[in-house]
Amino acid sequence: MHGRLKVKTSEEQAEAKRLEREQKLKLYQSATQTVFQKRQAGELDESVLELTSQILGANPDFATLWNCRREVLQRLEAQKSPEELAALVKTELGFLESCLRVNPKSYGTWHHRCWLLGRLPEPNWARELELCARFLEVDERNFHCWDYRRFVAAQAAVPPAEELAFTDSLITRNFSNYSSWHYRSCLLPQLHPQPDSGPQGRLPEDVLLKELELVQNAFFTDPNDQSAWFYHRWLLGRADPQDALRCLHVSRDEACLTVSFSRPVLVGPRTETLLLMVDESPLAVEWRTPDGRNWPGHVWLCDLPATSLNDQLPHHTFRVIWTAGDAQKECVLLKGHQEGWCRDSATDEQLFRCELSVEKSTVLQSELESCKELQELEPENKWCLLTIILLMRALDPLLYEKETLQYFQTLKAVDPMRAAYLDDLRSKFLLENSLLKMEYAEVRVLHLGHKDLTVLCHLEQLLLVTHLDLSHNRLRALPPALAALRCLEVLQANDNAIESLDGVTNLPRLQELSLCNNRLQQRMVLQPLASCPRLVLLNLQGNPLCQAVGTSEYLAELLPLVNSILV
């Protein structure tokens with residue numbers, strides 16, 4: 001046995017490691033306790049830097065100790081000479097690099113570096129950019145480092161074109177780099193601002209076409225990587241419609257004016273400003289949302305004084321000016337008429353997408369054919385299937401409606417975990433198609449039955465609808481946004497899975513509500529009906545609620561509010 005190295009048994013090795021861990025833990029706890037005692041006593045000197053270095057060097061995610069270091073450095077700033085302070089900062093930067101090598105994704109370390117550089121009179125930003133490049137060489141998906149790089153680029157006023165070139169180099173090296181793609185989505189609007197389309201508006205067509213070509217190369221190189229597919233989806237969405245007032249409606253009975261917007265807004269003295277002109281004279285009113293929550297929404301309304309609804313005059317002219325959106329709309333209420341309105345045509349394709357140029361349409365059509373070919377090679381690639389659906393939506397949603405529904409079925413089979421999301425997305429697209437199929441802007445009866453809908457959206461587009469049929473779908477609830485239907489008189493929602501009526505509130509004209517064969521079980525679900533003053537017919541046949549004990553007495557209490565109840 002002489003001259004041979006003794007090998008420890010597994011039990012001995014485990015015991016040695018346990019003792020080593022215990023010793024490290026004791027040192028760790030002792031150093032931490034000493035730091036807290038010194039901090040409490042106000043002894044913020046360089047010894048605290050040394051103690052925290054020992055701990056943070058092994059565990060850079062101890063946020064409290066980074067706070068201690070900042071307190072010490074702030075105190076030393078007033079005590080040190082410029083030369084001593086420069087040496088201290090250099091040491092601190094070196095220490096931070098060593099901590100990042102221990103954990104390149106340490107929130108505390110990157111934050112402390114931002115704080116430190118932000119206090120220097122002349123930081124070496126070029127060196128910081130090099131540091132970011134080195135760490136991204138190791139892990140190009142380190143989003144902590146990407147956040148820091150954006151901070152450095154902003155502080156150093158690096159031109160967006162240079163940063164875009166940096167993303168080019170990383171994407172060329174590896175298409176599977178979501179952070180680089182995301183950074184491009186931040187840089188391109190800066191490089192190509194469009195004054196009429198807002199901060200998230202469309203890109204110039206030549207730029208958009210180049211990006212489409214780049215991202216197409218990416219997802220054909222690695223079809224199963226989601227990064228490029230997500231960026232492609234962002235590109236397809238770079239066609240946000242311009243701000244507009246979609247519809248203006250005035251009711252003599254309710255003494256109310258309602259306006260719908262192209263996007264959710266928050267109206268108030270410190271937010272969006274709406275000016276109401278009645279017969280060319282300004283009228284001060286208070287705006288509110290139909291559901292009373294006054295959150296950002298598509299629909300806002302206000303009460304009108306009796307003087308603005310004088311039936312002795314031949315007509316009244318109402319004009320709403322949206323100052324922030326640089327838009328306005330006008331409608332006329334004629335003598336003897338109970339309502340007046342002005343609405344954009346529902347067939348206008350600007351509702352949900354922008355008009356395609358011949359060149360862009362050709363490119364998207366080519367992409368669609370390429371994706372279909374790729375899908376034949378990769379039949380279970382969910383990103384490819386979803387992109388095919390989105391491309392067909394961008395090209396012509398009505399022309400491709402039947403094909404889109406078939407692809408949804410295939411996609412649900414491939415990605416069953418997201419079946420609920422896909423059902424909701426399919427419902428959204430079907431609702432959009434139904435709105436686009438409205439032949440005239442004045443259509444006030446809408447049939448959405450037998451469409452397998454799971455959600456309702458774009459309800460702000462239905463401000464003028466008086467009759468709505470939602471029967472034979474898979475709706476579980478009627479959303480609060482239903483309050484946007486200010487003219488709704490008849491609502492049919494038979495044969496769904498509705499459990500709650502919270503959305504049936506503040507419908508001033510609702511007269512008939514049919515909810516046969518749903519899942520209403522508790523009496524309290526009927527409470528929102530009290531806010532519908534004109535409701536005269538309520539059909540609840542086929543609901544569990546009708547068999548519940550005490551329901552007949554409860555329904556009897558409702559009879560003064562609802563003239564006829566069918567159970």
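Which backbone oxygen lies 3.3 Å from a polar atom of the side chain of Thr-454? In this predicted model, that atom is the backbone oxygen of Asp-423. The points below take up this residue and several other features.

1. Setting of Thr-454. The residue is found in the loop that runs between strand E10 (445-447) and strand E11 (467-469). Thr-454 has a relative accessible area of 17% and is therefore classed as buried, the limit being under 20%.

2. Surroundings of Thr-454. Not counting residues up to four places away in sequence, Thr-454 touches Asp-423, Asp-424, Ser-427, Arg-474 and Leu-475.

3. The five-stranded sheet. Five strands form an open sheet with antiparallel pairing, in the order E5-E6-E2-E1-E9. Its edges are strand E5 (287-288) and strand E9 (339-343), each of which pairs on one side only.

4. The E1-E9 pairing. Strand E1 (residues 245-251) pairs with E9 in the antiparallel sense, over five bridges. Within this pairing, Cys-247 of the chain has Arg-343, in E9, as its bridge partner.

5. Cysteines. The number of disulfides in the model is zero, with a cut-off of 2.5 Å between cysteine sulfur atoms. Cys-384 is in no disulfide, and its nearest cysteine sulfur, that of Cys-371, is 4.8 Å away. Cys-487 is likewise in no disulfide; here the nearest cysteine sulfur belongs to Cys-247, at 7.9 Å. Cys-247 is also the residue whose bridge partner in E9 is Arg-343.

6. Cys-384 counts as buried because its relative accessibility is 0%, against a limit of under 20%. A relative accessible area of 0% is likewise given for Cys-487, which is buried.

7. Setting of His-144. Helix H7 (residues 143-155) contains His-144. With a relative accessible area of 7%, His-144 is buried.

8. Surroundings of His-144. Which residues are in contact with His-144, leaving aside its neighbours within four places in sequence? They are Pro-104, Lys-105, Tyr-107 and Trp-110. Lys-105 also contributes a backbone oxygen, which lies 3.4 Å from a polar atom of the His-144 side chain.

9. Thr-454 and His-144 may be read together. Thr-454 is buried at 17%, and His-144 is buried at 7%.

Technical notes. Residues are numbered from 1 along each chain as its sequence is written. This is a predicted model: local features need pLDDT of at least 70, side-chain atom pairs count only at pLDDT 80 or more; totals for chains, interfaces and linings use all residues. Side-chain values use heavy atoms; hydrogens and water are left out. Helices (H or I, at least four residues) and strands (E, at least two) are DSSP runs, numbered from the N terminus. Buried means under 20% relative accessible area, exposed over 50%, partly exposed in between (1.4 Å probe, protein chains only). A polar contact is a pair of N or O atoms within 3.5 Å; within protein, one must be able to donate a hydrogen and the other to accept it, and residues adjacent in sequence count only if both atoms are side-chain atoms. Contact means heavy atoms within 4.5 Å. Two strands pair if DSSP finds at least two bridges between them.
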